[in-house]
2 protein chains.
Amino acid sequence: MANALTRRLEEYTALSAQDRAELEALAALSTHTIPPRRDLIRQGDTPRSVYLILEGWGCQYRTLADGRRQILDFAVPGDLCDLNLFILDKMDHSIAAITRLKVAEIGREVLHRVVTNSPNITTALWWQELVSKSVLREWIVSVGQRCASERIAHLMCEMFLRMESVGLTNGSSCDFPPTQQDIADATGLTSVHVNRTLQDLRRQGLIVLDRQRLSIPDMPALQAAGQFNPDYLHHRRLKRHSREGRNASEALPLRLTA
Amino acid sequence: MANALTRRLEEYTALSAQDRAELEALAALSTHTIPPRRDLIRQGDTPRSVYLILEGWGCQYRTLADGRRQILDFAVPGDLCDLNLFILDKMDHSIAAITRLKVAEIGREVLHRVVTNSPNITTALWWQELVSKSVLREWIVSVGQRCASERIAHLMCEMFLRMESVGLTNGSSCDFPPTQQDIADATGLTSVHVNRTLQDLRRQGLIVLDRQRLSIPDMPALQAAGQFNPDYLHHRRLKRHSREGRNASEALPLRLTA
DNA sequence: CGTTCAGTTGACCATGATCAAGAGTGGTGG
DNA sequence: CCACCACTCTTGATCATGGTCAACTGAACG
């Protein structure tokens, strides 16, 4: 049974049975549960470990002196935060739990060993590093160029596809736990305006969002509304997503290692 | 004189004489001159080389279907665009010259050799990769949270310090070739509003910007105006007594699959 | 010298912010 | 199990930042 990290890395490259075992071990080594809204690590802290998200949603954010907060990315199962520890002596952003979070804590030595022993995994980690950079670029495009409804539609498309790539969607729906305030902090809008824009998208039948559950009845339509083009996610399996609609059968259920 | 890449990488870690020679060779191997406003490589192209900026300014950008353009970063001497080639099969952004540009084109095999032979350089490349990610994060914060004058002041502070870290400042001034339209595309504003905001900053005596030359008479004041905190640049020289560079055996290998 | 591109200015407009109050919802303890 | 509390969501009224459109100025370069 594969964990989300394996699944995600296999988005890029074939892993051997041994690689997979290696990753399983990694995910099982030292796990923690973090309550909702708690910080995992703060801006300015010295990073000591990489965190692998096993269950739940988190986010990376920075705060300004006057308290304004900008969410820089959401973290879903299979995401790795943050390779910084090998190089940088201080965290340049904070990481927080949105829901209750299960994470695996991977220490420097362990990661170093894995990376020395497995070229496939090293390459795959590079891949995920470059992809997450591409995602950051797209977030700049969103806040810089897109209007409110486009930003929100775009965010929904992105997160849905990221959830799908680790098998956490069910047909056309998936968990979506961020509050409207979180969405506001991620998109550079106010929560009031997010609220109104969500109502708009709902009225147009583009999304159903209720009790932390998101449904996308017509993905191509939502993509059009958000000026969304999935190329930047560099998902290999995603090629078939390009505005043509999806294969319903592809979402494999995923059990997460604890 | 040492080239800008050497200088930039030494921002992070000590390089041996051999490392330095290696980098010199890299920069001399295959150089090109690109006229202003020309694209070096386009979104969707297959990356074949890494470009090292030797002289002049460039930018990375993405365009939307309707022609809106978002600049994602500026590239100044010593910057490396883009390690993507080892991993990703398609460019997810374009790179263009702003001024006339001198670049060194570094092919896959050459970079591969360097990286195999020199752990110091490998580590330093990782460092620059992570730092540029941190810069992308700060750009998200800017467009997401800062008002027009803050965004522009922030951008000026950042670019000045980046120029300074490769020795391209002269007292309190440096080249600053982007047009007001470029600044607009980078900050998510319109060129009209950039114009008015620049006048404002000039009126306050925070910047002098004339004929592609930027002067910052009072850096602390400009930093305050832009809510600028240099930590995210991870420049070591900004904090004198940081600890020694990590030892090379700890370096995360950069595995390059052909 | 004329052409082109960047910069500048003015009038008007729209998207999204702000402020404030009220309605659901879910979780907790009595 | 219910009542209460806190948090999230919703709504309305008003405002401001920054966008749009259009015309004009000025500098650089052949």
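By what turn and what shift along the axis can chain A be laid on chain B? A turn of 180° and a shift of 0.1 Å along the axis bring chain A onto chain B with an RMSD of 0.1 Å, the copies being superposed by least squares on the C-alpha atoms of residues with pLDDT of at least 70 in both. The two copies are thus related as by a two-fold rotation axis.

This is a predicted model, in which local features need pLDDT of at least 70 and side-chain atom pairs count only at pLDDT 80 or more, while totals for chains, interfaces and linings use all residues. Residues are numbered from 1 along each chain as its sequence is written, chains are lettered from A and ligands numbered from 1 in the order in which they are written, and side-chain values use heavy atoms, with hydrogens and water left out.

**Stop 1: the axis**

Select A:Ile140. Its C-alpha is the one in chain A nearest the axis, at 2.6 Å. Of the contact residues of chain A, 88% recur in chain B, so that the same surface serves both copies; contact here means heavy atoms within 4.5 Å.

**Stop 2: the interface of chains A and B**

Select the contact residues of both chains: 57 come from chain A and 60 from chain B. About 5300 Å² is buried between the two chains, with carbon and sulfur atoms giving 57% of this area. Buried area is the accessible area (1.4 Å probe) that two parts lose on being put together, summed over both.

Next, highlight A:Ile87, A:Trp126 and A:Arg137. These three supply 16% of the area that chain A buries against chain B, more than any other three residues.

For the charged pairs, select A:Glu129 and B:Lys133, whose side chains meet in a salt bridge at 3.0 Å, N to O. The term denotes a side-chain nitrogen of Lys or Arg within 4 Å of a carboxyl oxygen of Asp or Glu. Twelve salt bridges are counted between chain A and chain B.

Strand 4 (58-63), strand 5, helix 3 (108-117) and helix 4 (119-145) of chain A each give two or more residues to the side that touches chain B. Helix 4 gives the most, with 20 residues.

**Stop 3: the two domains of chain A**

Select residues 2-127 as domain 1 and 147-241 as domain 2 of chain A; these bounds come from an automatic or database domain assignment. Their C-alpha centres lie 23 Å apart. The contact takes 18 residues from domain 1 and 23 residues from domain 2.

The area buried between these domains is about 1900 Å², and carbon and sulfur atoms give 54% of it. Five salt bridges are found across this interface. To view one of them, display A:Asp182 and A:Arg69, whose side chains meet at 2.8 Å, N to O.

On the side of domain 1 that touches domain 2, helix 1 (4-10) and strand 5 (69-75) of chain A each supply at least two residues. The largest share, five residues, comes from strand 5.

**Stop 4: a pair within chain B**

Finally, select B:Lys102 and B:Glu55, whose side chains form a salt bridge at 3.5 Å, N to O. This pair links distant parts of the chain, 47 residues apart: B:Lys102 lies in strand 8 (residues 101-107) and B:Glu55 in strand 3 (residues 49-55) of chain B. Over all chains, the structure holds 46 salt bridges.

Terms used. Helices (H or I, at least four residues) and strands (E, at least two) are DSSP runs, numbered from the N terminus.
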